[in-house]
Amino acid sequence: MSKARVLVTGAAGYIGSHTIVELVKAGYNVVGIDNFSNSKPSVLDGIAAILSERIPFVEGDCCDTATMEKLFRDYDDIAATIHFAAHKAVGESVREPVKYFRNNISSLLNVVQMSVAKGTSIVFSSSCTVYGEPDPENLPISETAPRKSAESPYGRTKQFCEDILEDSVKAYPNLKVTLLRYFNPIGAHPSALIGEMPGGVPENLVPYITQTAAGIRSELKIFGKDYPTPDGTCIRDYIYVCDLARAHVAAVDRMLKDKDAPRIDVFNLGTGRGLSVKELVDAFISVNKVALPFSYTDRRNGDIVQVWADPTKAEKILGWKADTPLDQILKSAWEWEKKVRNIQ
Ligand code: UFG
């Protein structure tokens with residue numbers, strides 16, 4: 001039997017690139033699409049170096065219906081789409097909401113339209129941002145926790161997209177969907193051939209840490225030290241990007257192979273472990289034995305105090321667990337930064 005093909009949108013992005021590697025290792029054929037709006041073509045070289053083969057790839061925009069129609073015509077063996085392609089900068093979404101709604105929603109609508117027409121399944125990249133600030137009694141947070149009003153237009157696009165998929169499953173009997181709500185993905189592939197590559201000044205903590213350790217930024221600013229947490233800094237659930245990538249393979253496996261699976265399901269993808277910003281900084285310094293100048297500054301607008309996942313549903317149903325030790329994850333992030341910056 002020929003291998004099923006998975007379309008990966010946002011193929012050159014951070015999570016997309018790591019997921020392609022895991023899909024191919026698991027025996028899937030893939031085809032990627034990316035418009036390089038927030039990624040570089042060289043990521044495809046990294047993927048090729050890891051896999052010793054180049055993946056089929058289309059440069060294009062998922063918002064362009066004709067491009068998507070051609071892609072599904074050219075690859076008529078697509079069985080599922082993992083839809084990563086989206087704008088993802090929270091701050092930018094506050095300044096340019098229309099850009100976020102237009103891009104993130106139109107691209108999903110095209111993926112749904114093509115999936116319904118071809119009878120194929122969808123895995124959607126959602127986020128723990130849909131939960132907003134959890135009530136402390138709801139921590140760790142499970143999939144049944146209520147979604148709250150989004151903190152940013154970016155977060156609202158994730159909620160809208162989840163709703164669009166839910167309505168679409170009700171309307172189109174051949175459509176199957178898995179919503180994956182990521183916590184905070186960090187780290188890089190152990191080969192250091194692919195990793196996170198933010199353009200400009202990083203918004204996220206770990207790229208800011210690695211760039212500071214590399215001397216590109218003078219010091220890390222920790223946003224807030226007066227939060228109601230044990231050390232006063234915010235708490236998140238940091239999950240290794242390769243563990244996260246494997247969860248996508250498990251979600252595709254289930255949709256394609258388990259006839260009894262519900263037509264739409266949702267999973268939290270986190271470790272179940274909450275770490276404060278200060279704990280993460282300390283761990284990075286001690287694991288990598290590098291200097292990391294940091295100081296405290298004001299809280300960042302829109303930051304929630306604390307969130308970490310209850311990942312038991314994914315373990316029970318997908319047979320998936322994020323089990324890479326933190327030390328290894330933080331080493332991988334530093335190895336990647338050193339490789340990119342040519343640091344010995
Ligand atoms: N932080 C700093 N200094 C920095 C950067 C971040 O102290 O320079 C802190 C933040 O205040 C926060 C923590 O580090 O407490 C994590 O911040 P990130 O920006 O790395 O991650 P967020 O939790 O803010 O955002 C992530 C994803 C978003 C998603 C959000 C949902 O990046 O896409 O989780 O909560 F919307």
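**A pair of packed helices**

Mentor: The axes of helix α5 (residues 97–118) and helix α6 (residues 153–171) come within 10 Å and cross at roughly 25°, where axes are lines fitted to C-alpha atoms, for helices over the stretch in contact, and angles run from 0 to 180 degrees between N-to-C directions. That makes α5 roughly parallel to α6, a term for angles under 35 degrees. Helices here are DSSP runs of H or I with at least four residues, and strands are runs of E with at least two, numbered from the N terminus. This is a predicted model, in which local features need pLDDT of at least 70 and side-chain atom pairs count only at pLDDT 80 or more, while totals for chains, interfaces and linings use all residues. Residues are numbered from 1 along each chain as its sequence is written, and side-chain values use heavy atoms, with hydrogens and water left out.

In the contact (heavy atoms within 4.5 Å), residues of α5 including Y100, F101, L108 and V112 meet residues of α6, among them Y154, F160, I164 and L165.

Turning to the sheet, α6 packs on it, touching β5 (121–127), β6 and β11, and the direction of α6 makes about 155° with that of β5. Seven strands form this open sheet in the order β3-β2-β1-β4-β5-β6-β11, with parallel pairing, where two strands pair if DSSP finds at least two bridges between them. β3 (57–59) and β11 (264–269) stand at the edges, each with a single partner strand, so one side of each has no neighbour in the sheet. Six bridges join β6 (residues 177–182) to β11, and V177 stands opposite I264 in β11.

Key:
Parallel < 35°, antiparallel > 145°, perpendicular 65-115°, else oblique.
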